[in-house]
Structures are given as structure tokens and as C-alpha cells.
Amino acid sequence: MPYHLFKCSESIPEREKHAVIKGEGEDLTSALPLGYLNTIPGSISERGCAYCGAKHVIGTPMKDVIHMSHGPVGCTYDTWQTKRYISDNDNFQLKYTYATDMKEQHIVFGAEKLLKKNILEAFAAFPEMKRMTLYQTCASALIGDDINAIAEEVMEELPDVDIFVCNSPGFGGPSQSGGHHKINIAWINQKVGTVEPEITSDYVINYVGEYNIQGDQEVMQDFFKRMGIQILSTFTGNGSYDDLRGMHRAQLNVLECARSAEYICNELRVRYGIPRLDIDGFGHEAMASSLRKVGMFFGIEDRAEAIIAEESARWKPELDWYKARLTDKKVCLWPGGSKLWHWANVIHEEMGVNVVSVYTKFGHQQDMEKGVSRCEVGALAIDDPNELEGMEAIETLEPDIIFTGKRPGEVAKKVRVPYLNAHAYHNGPYKGWEGWVRFARDIYNGIYSPIHKLSLLDISKDEIRTDVGFETQRLLSDVNLSDEIKNSTTLREYTGKYDCIKDLRDKTYPEYLTKKVSEAV
Amino acid sequence: MDELTKDRVEQLIDYIMKKCLWQFHSRTWDRERQNENILGMTTQLLCDETVTAESIEDKCYWVDAVCLADAYKERYTWLADLEKPEIKSLMQDVKNRLDHLTITGSLNEELNDPLY
Amino acid sequence: MYCEVNEKERAGVINPIFTCQPCGAQYASIGIKECIGIVHGGQGCVMFVRLLFSQHFKESFEIASSSVHEDGAIFGALNRVEEAVDVLLMRYPDVKVIPIISTCSTEVIGDDIDGVVIKMNETLLPEKYPGREVHLIPIHTPSFVGSMVSGYDVAVKDFVSYFAKKSEPSEKINLITGWVNPGDVTAIKHLLAEMDVEANVLFEIETFDAPLMPSGNHVAHGETTVEDLVDTANAQGTIALNRYEGGSTAKYLQDEFDIPMIIGPTPIGIRNTDTFLKNLSEMTGKPIPESLVRERGIAIDAITDVAHMFLADKKVAIYGNPDLVIGLAQFCLDMEMKPVLLLLGDDNPNYKDDPRIQEFEKNIDYKMEIITNADLWELENRIKNDGLEVDLILGHSKGRFTAMDMNIPMVRVGFPVYDRAGMYRYPVLGYAGAMWLAETIANTWFVDMEYKKNRETILNVW
């Protein structure tokens, strides 16, 4: 077995089975770490809790909802303004967060009255908001407040409001993934099927496992709209509460982040017969095949092909400009869950970088099956990494850049390795053809930063060039590049706008008549 | 299995593993269904047989099968030189191998969880 | 009476000003050298606090979790604490100080962290780590009590009361900073140096502004040592800059070791810094030197440039940590501004007894409101729906959308500030802080004048 025990973890040998190095000729029947097991206390793991998995990852991207946590104030505060899921309603869900502010007397005597008061106050403060999600926390779970009963009571009193209850306390499961699961199942059990949506197209999908990080959802929505496809709901980025109640009327679930949202797709398949199509929204080839599949499913592949041709022509020369300059750079792909497999292969093929390591903070073995499969030989795969293991891996692998979270990114900075935010992105969106070029551009700017180069210099010992007033990314990246590439007239640097989402919101789309309407005509 | 077949199976498997996601659904029964239907249709497509995909479920398998068959034809030009029975036999080997990697030989301890 | 102190009427919190107690204890813990705390609770209680610190400082700090999962929540999770301590000690050979920080979940299930510390001191430590200096310190910070502010106060006191030990009297004073930035510690230490006063600064967190070194091995961490903490019992006096963050420690040292104490006023602004220096001088017998007269003069010169022409009568709303809010309000008044709304984000019942607040109630001659147990909706709702006019907001980054949406200029101050670069480097304390505050407020106002075309031409000949 190709397990890898870090030196720093020799004292906790159970860690050995959480890391593998995929050797030559090895496959998933030997090279697969354990996953989604209880964390070793005190290991300084990077994992969060099931509350944040439910509320912060999946719940809060829903845009037209009052998101209220029933508990002390900290859970709410901590999961507020720490992600980049935007929305086209002026980011209501980012701006406002609600805590019932449970205090000691509530712990002793119960907090159901407090909860009800809170609910009424919040609806009064935001009279235009008629939808609410209530999140249980550790404290309210342990004192046994019946949140569902209070929600029912309020819904009876206020007939125009609707409340969703998510019982996912922080301690529920080894990582935030426990919360992904709970909120998926809670949503289908409580809310799917309670609204009959208006169907405006012959082609109707749910877009699932997409959180509109820096506008990803809006990028993808643009493609679907151009194809004349109706997105009944997005689970959950930029998604609307009532749209998501009508998920049962889609013909197809297009699934992006299977880690966080495959549960609801599986249940929709079992309960409503809606098939699940897993896609990758990252990378040009992946985008093409994703749209092609959706197009073929509905018999409108010509519409998909038109988009693929247009987008490829527009953005491929820019991607290739970066690929020429990123080839053979070593990257550690250290995200939370799904991006390790979304990116592992396509980043290698389309940007030329070598993924020397993948890790998952909160994923399951299924994520590692995908990730290990998509890596090249020699990659180090780590489940539930901890602080010291991450440092050891950086020392041995010497990556040129790391894709990880904000805080671990600061660790990387100190050992002079640039980082990009894998969860929230640097300058995203990263989905779609243009987004993928933006990602390449961010990687390029990270690796070829003149300041980064200066950071490697020890002025007390090293030779200091006094004849250079500045350097540029280009001067650094093009040193060993062939003239053919350097002087290419087809390749070019990114030419998009700083904000590529704004224009999408004002865009008009071709009208495709539904069969019913065109037959009537 | 002879070396040539083995090598070819590995090439075809490698493509699935690097480019596809359908083989990694959550549970054993899902994976069996996915592998069976998608590879079955892919085989039919590679053998120029007509695939009927009437239901939305079948259509969903079919789109993955079409993409896979197209990619195979484009990347593995040696496929064009094979007779149809050879393709069928090869694809059966691919399915056996994929079943082994993702189901029967899988180390994924969650595959047989009765719930999603 | 023009100044009213009211408690927020709503039961709930819309956009909180503070997070909960364990965060405060964690903030205290990272100020101590060779210390890694273990937060006993769910993993989010640590993960998000570490994220918050990294958002503010652009640095990473090490804090561990006991990772309480479902079984622990049901059957008790003290075994997780024992395992966490062991794992931490095995893998971090330099760690000496391990606070065990409780949370709401582990307080509700009633885990006896004091008991488990006794048990580990009797078994795990002598058996597995004989001869190793290890301090296990239980800190109770249930999230349903107080806020991050009280959590910090509790933790500082628990650290000091654990270590403080009387031996030889020291020339030093204890200087308890409260929840401040590295820039504040630099400013205070500068004043102490000018006064020729040796101080035991709790906590030495200038190093939170850590360099990126060519050796690539530098990690941000506090520099207060076990010896420093032990020595707190020998000081000739204690000054706690903040009443609510460290005040109880000063009182503890007075009660326990007869160390004279002065709590506050937080040296924000010229006047409070004068008071601080006067107190320092009285406590140590050292005179205020000419160099500080000059430094004060430079600050006053700078403030004079902006105060009565630009800042006078500007209405200000201030929120954040209570000592900071109160100190800023006092300084704003000295600069002729009008703090109209002060938001104190927790339900501490002692605010009404704060002499500074009582002075507001007594002497403020326009309508000022102080809200306790406040949230940021108290600010936004007043502006949006109740017609409150505000020219400037002083507060931390969590209120950024209120400022943006209400189109009101905002100076980032306090914790956390993550939407402006390097703010932890600048002080609000001392004369340096007064000058920086006045000029930053003015510059922020100037930019606003320009963007809103609001008498922007007057800057032509200023």
C-alpha cells in the first residue's frame, strides 16, 4: 500500500492511512486514503463544523432569505462576511445575518420563546423578506429546543411567510460535510414539492452544487440561457428559496459540486425520477463537454456547439498565452473538497502545471477517488491535513504555488510560497471559458510576482543586483521562452474586464418558443 | 489478458478516470447502474449500433456515452482497426476493470451505506 | 439630559458587533509564547476564529481543537481533551502553555475541564512527559455569557492568576493593554521608554506584524513568556488601559498581591494620553520628559490643522469594543465632533457604572444615544428608517456594508479590520494614535467630499 506517514505525524500513526502517494502502476484499489473519519483532537486540523457546512456553505448563498441561527451570537458572527458568494439582489444574504442571541438563562429554561420573538422581529425589520431559514447550533441542539414546532407556529400566524428549519449542530459529524448532508436531506424533505413552478421552456434543469462564488453561477446561467434552457433553481448560489421549492419539476439535475450536493440529486432521482448529470464547470474542454452533454440531452446540441465555438475562439488564445508560461510549474491543490477533482486534471492539461499534491479538508473517500484518479503519478494525496503535515509537504514538494484557504495561505506566504484562494478565489469568477483564463492569470501573477522573487533574497548574504530598477511578470516569465511563443501574434494576455459579471446582469437573451407555443402558432 | 489488450484497456480506463465523473456516483448500486448503462451504450455507439434512449434516464446515460465514444474514436485511432466483436470484447474488459476499480475492488468504505 | 443610555429593545441580533467568549480567550492565548490553546468544542469554534485573526492580521496563528463530534456531545468529551493535550505535546515539543478553552457545547454538557486538568497533571504529564514544563489552564468561556470582550478579560485573568507568584519585588509595572493592535503596543512601549519606565506588557503582540523572512521559517506569535506572567505578582503597580479587557486582572493582582492598580481611561486622544502619562508618573515617580511634551505638540499641531475647520460638528456613530468606543467618543468630542450614537455590543450590566459613560450622561449638550447589547441593525435602522443623520462611522469591518449602502464615510478601527490594508500597524493609543486618528478621519472625509462633490473646492487652498 502506498500510504505515506509524515515525519511530524509519527506519534499519531493512525494518520498513515490518511495520505497516499500514487505510484507507477497503482490504482484506486491500493492508492486511496481513508476519509471522513473523526478528527484527531489537538492535531490542528483545518476542518470546520457541521453547522458551517449547512449554514455557511449551502444555506446562506440562497439570496432572498433571512438566515437566522438559533444559538449564541458567535456561530452567526463567524460565518458572516467570510465567503464570497454574491447575488443579483444586491447581496442581501451577504449583508444581513441573524442570531437569536441565546444567553445563560435560555440554556437553563429553554429558548423557544426567544426564538419566536426573534423570528417575528426579523420579519418586522425586513418586511419585504418573506422567507427564512433557521439553523440549529450546538447550544440549541443540546438544550433540545423544538425549532420545527416554533417554525410551524409562526407559519400559521403569518400565512405569507415560509420557514425552513435546518437541524445541523456543529458537532454533527467529522467535518462540515456532515452539515452539507443534513441540509440537503432537510431541504428535499421539507420544501421540495411545495411550490409548483412556472415552466417557460421545453428544457428545464436544476443547477445543483453551485454557490456563485464571485459570480460562477451567473457565468454558467448565461450559457444555459443562451441555449434557451430554463434554470428552475440553483442549489444554492444566487438561488431563490421559492424556486428551490419547485426542484421536482426539472427534467435534469446538472450537478457541479457533488461533494456538497449529490445527496439532493440522488434523492431527486429516487423520488421524482430526475436523472443526475455530473459536470465540470472549470476548464475549456470540461466546459465544452458539459454544455455538449446538456445540449444533447435536450436535443439542442447545435446551440451548445455555437457557444463552444464562440467562447473557445474568444478565450483559447489567452489561456494558451498563460499555459506557455505556466508549463511545468508545481502546484499544491489544497482546497476543501470538490475542487481537488474539478481542477486536478484539467489544470494540468490546459495550463501545463503539475499537480504535486491534492488534499481535502472535509471531503470523503469519494472525493479522493476522483482526485487521485485525475492526478498524475507521484502526487501526494492527503485527507484531513493538519498544520505540521502541510508544512512538511511544502518543504518536500517545493511547490511554485498553492491553492488553499485564506488562513493556510498565510502559512504558505511565510514560507515564501504564493497562494491563491481556492474557496473564494482571488479575482474570479473562475468558471466558464473566461473564468478559467482569469484563474490562469491569477496563477501567473502569483508565481511571477517580482516581490515574490525579492522575498527569496537575503540581503545580508546574497548578491544584490544594483543595475536593475524593476522587474515585471513578463520579464520573469519569458526568460526561457522560445521566440516563437514570445513573439506569437495569436497568443495574448487576458483582455477581459475587472468585473465580468456586471454586464451579464443586463443582458437580453434570444427567445425560443416552446413546442406548445410554436404548435399553437 | 494479453499485453496489448491490457494496454488498451488501461488507455480507455485512464480516459474515463481523468475526464469523467459518472463512474463515481455515491453508492454501489448507483455505480453498477452507471457503469452498465453508459459503457453498454458506448459499446453500441462504437459498434455503430442504434441506441434507443427514450426515457430521460436513458438520455442521461446516452449523453455521457456519446461523449465517451467520440473521445475514444478521436484519441485512440487504433479503435478504427478493430472488428466489432473485438470492440465488444474489449469494452467488456473495460467494464470489468472499471467495476473492479470503482466497486468490487474499491476501498471506499461508504459505498454500501444504505442511505444517501 | 441629552445623553441616554438604552438597552437594545429587540431580543435578537441582526448583524452582530461581537463574536462570542471563546474568541476572546483565543486572542489572549496567541499573545503568549510557546502556547497553543485547545478549544474544547466543535471545530468551527476554532476554525473560524483562526480565520478571523488571519483576516485581520494577514497572518496565521496556531490554535487547536478537541474536535468534539456527536458521540462526545452525547456521552461527554473529556477524553477528547486528554487526547488533544497528548497529541499537541507529542508534536509540538516547544509548547509549554496549553489553555483548555470551553465553549457553549461543552459547558452545556457539563464537561469538567478543571477535573480533567487535575487528572492529567497527576497521570499523563508525570507518566509520559516527566521533566517537561507544561501548564494546563482551564478557561471557562461559555458562548452564551458575555462576548468576545469578556472572554478576553476572563482569559487574561485566568492566565495571570495561574502563573502570578510573589518573589523579589520588581521595578517593573504591569501594563495590561486590552484587546489592541501591534501598532498600539508599539505606541505604548514608546511612551513607556520615553518615561524610562520598565513594564511587563501583557501581551507582547508587536510580533503579530510578522516579517516574511528569507529563511522562510517565521511564524507570527506573541512574545509574552511564562516568566513574564509569573513576575506580574512582583510589579510595583498595574495599569490596565482598558476597563473591560484586563481590568479584572488588575483588580485580581491588587486583591491577591497588594499591587496598586489604575484602570483606564483608555489612552485614546490627547487628554486620555495625558492622564495615562500622569498616572504612570505618579505610580513610578518618573517625570514626564520634554520629548513627550514635544511629541504631544506635534500631535496637537496636526489635529489643530483639521479639527475646527473640517471635523467640527460632524456627527459620528461609533461601534466596537467598549473601551475603544468610549475613548474614541471622548476624543471626537475634544476634536469638536458630535458622537451621536455609541453602540456597545454586549449586555455587560456594568456599563452604566462606567464613570466615562456617566460623564457623557452628565455633560453632553446635544442628543447622544448609547445602546448596550447593541447590534449593527441599531445603526442601520436609525439611518435608513428613523432619519438619523451621520457624517462618519467609526468601527470595524463587519459594518462595511452599512457604511457603503448608506453612503457614509467610514474609518476602520478596532477588530476585525479586513477590508483595509495594514490597519493593525497603526495605533489609536497615545499621541501617535491621536494624530493618526485625526488625520485618517480627515482624509476619509476629504475623499468623501471629493466623491460627493461636497464643497471639495475648499481643499484647494487649505
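Tutor: Happy to. Keep in mind that this is a predicted model.

Student: Which parts of chain A touch chain C?

Tutor: Several elements of chain A give two or more residues to that side, including helix 1 (50-59), helix 5 (112-125), helix 16 (387-397) and helix 17 (406-414). Helix 17 of chain A gives the largest share, six residues. By class, the side of chain A that touches chain C has 29 nonpolar, 23 polar and 20 charged residues.

Student: And how many residues are in contact between chain A and chain C?

Tutor: On chain A there are 72 residues in contact with 77 residues of chain C. Together the two chains bury about 6100 Å², and 60% of that is on carbon and sulfur atoms. Three residues supply 13% of the area that chain A buries against chain C, more than any other three: A:Pro41, A:Tyr77 and A:Lys414.

Student: Which pair of chains shares the most contacts?

Tutor: Chains A and C do, out of the two pairs of chains in contact. Chain B and chain C do not touch, and their nearest C-alpha atoms are 18 Å apart.

Student: Then tell me about chain A and chain B. How many residues does each give to the contact?

Tutor: Chain A gives 40 residues and chain B gives 34 residues. Between them, chain A and chain B bury about 3300 Å², with 56% of it on carbon and sulfur atoms.

Student: What about salt bridges between chain A and chain B?

Tutor: Seven salt bridges are found across that interface. In one of the salt bridges in this model, the side chains of B:Arg31 and A:Glu369 meet at 2.6 Å, N to O. The count of residue pairs in polar contact between chain A and chain B is 20, both residues at pLDDT 80 or more.

Student: Which elements of chain A are on that side?

Tutor: Among those that give two or more residues to the side touching chain B are helix 8 (177-190), helix 11 (258-272), helix 12 (284-298) and helix 15 (365-374) of chain A. The residues on that side divide into 15 nonpolar, 11 polar and 14 charged.

Student: New topic: empty space. How would anyone find it?

Tutor: Rolling a probe the size of a water molecule over the atoms shows where empty space is left. This structure holds nine cavities of 30 Å³ or more.

Student: What is the volume of the largest cavity, and what lines it?

Tutor: The largest cavity has a volume of about 250 Å³. It is lined by 22 residues, and the closest to its centre are C:Trp179, C:Asp184, C:Leu324, C:Gly414 and C:Val428. The lining has 13 nonpolar, six polar and three charged residues.

Student: And the second largest cavity?

Tutor: The second largest cavity has a volume of about 210 Å³. Of the 20 residues that line it, A:Cys49, A:Cys75, A:Asp78, C:Gly44 and C:Cys45 lie nearest its centre. Helix 2 of chain C gives the largest share of that lining, four residues.

Student: Last one: where are the cis peptide bonds you'd point out?

Tutor: One joins C:Leu202 and C:Phe203, with omega about 0°. The peptide bond from C:Phe415 to C:Pro416 is cis too, with omega near 0°. C:Pro416 is in the loop between strand 15 (410-412) and helix 18 (430-452) of chain C.

Methods
Residues numbered from 1 in each chain as written. Chains lettered and ligands numbered in written order. Predicted model: local features only at pLDDT ≥ 70, side-chain atom pairs only at ≥ 80, totals over all residues. Heavy atoms only, no water. 1 Å grid on protein atoms, 1.4 Å probe; cavity = no way out; pocket = protein on both sides within 12 Å on 5 of 7 lines; lining within 4 Å. Points joined across faces, edges and corners; volume = space filled by probe spheres on them. Nonpolar A, V, L, I, M, F, W, Y, C, P; charged D, E, K, R; others polar. Contact = heavy atoms within 4.5 Å. Buried area = accessible area lost by both parts, 1.4 Å probe. Salt bridge = Lys/Arg side-chain N within 4 Å of Asp/Glu carboxyl O. Polar contact = N/O pair within 3.5 Å; in protein donor to acceptor, adjacent residues only side chain to side chain.
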